[in-house]
Amino acid sequence: MSNSKNANLNNLFSFLLKKECVIAIYLLLAIVAGYKQYHHHSYNNYLIFKYVYWHTVDLQNLYNNYPEYLDSNHYGPLFSIFIAPFALLPDGLGAVLWNVANVLILLWGIYSLPISLNKRTIIAWICAHEALTALFSFQFNIALTGLILLSFSYLIKKKELQSAFFIAFGTLVKLYGIVGLAFFFFTKNKLKFIIGGLIAFAVLFALPMVISSPAFVIQSYTDWYHSLAHKNDLNASLTSFQDISLMGMVRRATGNINIPNAPFLLAGLVLFGLPYLRIKQYKHLGFRLMLLASTLIFTVIFSSGSESPTYIIAFAGVAIWFTVQQSPKKGWIIALFIFAFILTSLSPTDIFPRPVKEFIRLYSLKALPCVIIWLTIIYQMMKEDFESYLIADK
């Protein structure tokens with residue numbers, strides 16, 4: 001009987017580790033979340049996205065408030081091209097397919113990583129719940145996570161032009177994409193990467209002009225800047241659903257919304273940059289993956305615009321950090337990962353009583369485990385020899 005149970009468990013784990021199983025689960029989550037939100041008329045984010053296309057076509061300011069939705073757009077003009085195929089469809093179908101497209105790009109990014117198939121699948125499973133949180137909001141952050149992963153993977157695989165394209169695309173849609181430049185020092189063909197990047201930025205910058213006009217697109221980039229600056233001021237509110245960041249934790253713990261971002265960003269950039277001093281470690285895949293994890297987490301915990309669905313980006317970093325660790329994993333690493341999974345990923349769910357969820361939200365505590373893990377990554381990158389990290393690429 002015991003052998004039979006073990007065999008059944010082994011069969012179950014083998015099934016769950018199949019790439020096809022993960023893809024099916026992600027597609028199911030995307031479809032169910034999209035249909036549920038549309039059926040309950042809770043798809044305002046999708047309407048914002050949809051009208052980026054229509055307002056571009058009609059040469060209307062992309063960042064005004066419009067009666068069709070309750071909020072304003074904060075994505076670049078290039079987004080009008082990406083959302084176009086969905087905006088042309090009926091809302092229900094467009095919303096569901098939008099979610100499907102986002103998870104496919106995320107999975108493309110995860111499965112592009114230069115590590116073993118089992119490790120990639122484990123990363124996908126770890127990210128699944130955080131992806132679901134973002135799917136309920138129709139968040140582009142799901143696809144953006146995939147784009148950052150793709151910019152890393154293609155650079156590691158010496159495909160500099162593709163990497164530069166994903167960085168340019170991510171940046172011109174949502175500024176977070178620019179963090180892909182963090183991997184610049186891992187390429188030997190830097191000139192090819194720079195030239196490819198400049199061409200990609202130029203082409204993608206101009207692409208929305210095809211459905212609008214050059215003057216409109218240039219003006220829209222100026223409007224985008226002012227929109228983001230205004231949004232940054234609003235995010236610091238003590239009751240905002242955003243600013244789930246290191247700065248947000250400090251502002252809300254002290255009750256002082258006037259604490260500036262700059263000192264935190266400066267300190268964060270110094271810490272982020274320290275591992276670059278270990279030039280001899282660049283060649284080791286473990287070091288490179290740690291930098292990828294650091295980049296993904298840094299992007300979120302040092303952004304006052306981070307909200308709960310944004311944490312798909314950071315949690316992909318947590319998943320990569322945890323998966324890269326040497327086996328068997330140390331007890332404190334497992335404990336820290338569980339702490340992150342509970343507080344960061346599960347805190348918005350009904351597992352937590354409403355007063356506890358509200359407390360976590362009000363003090364931006366969803367960010368806390370990610371901040372601790374990010375500091376841990378910096379420490380490990382500065383202290384450990386990654387030559388001993390055995391990471392299969394199969």
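1. Angles under 35 degrees count as roughly parallel, over 145 as roughly antiparallel, 65 to 115 as roughly perpendicular and the rest as oblique. Axes are lines fitted to C-alpha atoms, for helices over the stretch in contact, with angles from 0 to 180 degrees between N-to-C directions. Helices are DSSP runs (H or I, at least four residues), numbered from the N terminus.

2. The model is predicted: local features need pLDDT of at least 70, side-chain atom pairs count only at pLDDT 80 or more, and totals for chains, interfaces and linings use all residues. Residues are numbered from 1 along each chain as its sequence is written, and side-chain values use heavy atoms, without hydrogens and water.

3. Helix α6 (residues 117–135) packs against helix α15 (residues 331–345) at about 20°, the axes being 11 Å apart. The two, α6 and α15, are therefore roughly parallel to each other.

4. For helix α5 (residues 91–111) and helix α7 (residues 141–156), the axes come within 7 Å and cross at roughly 25°. So α5 and α7 are also roughly parallel to each other.
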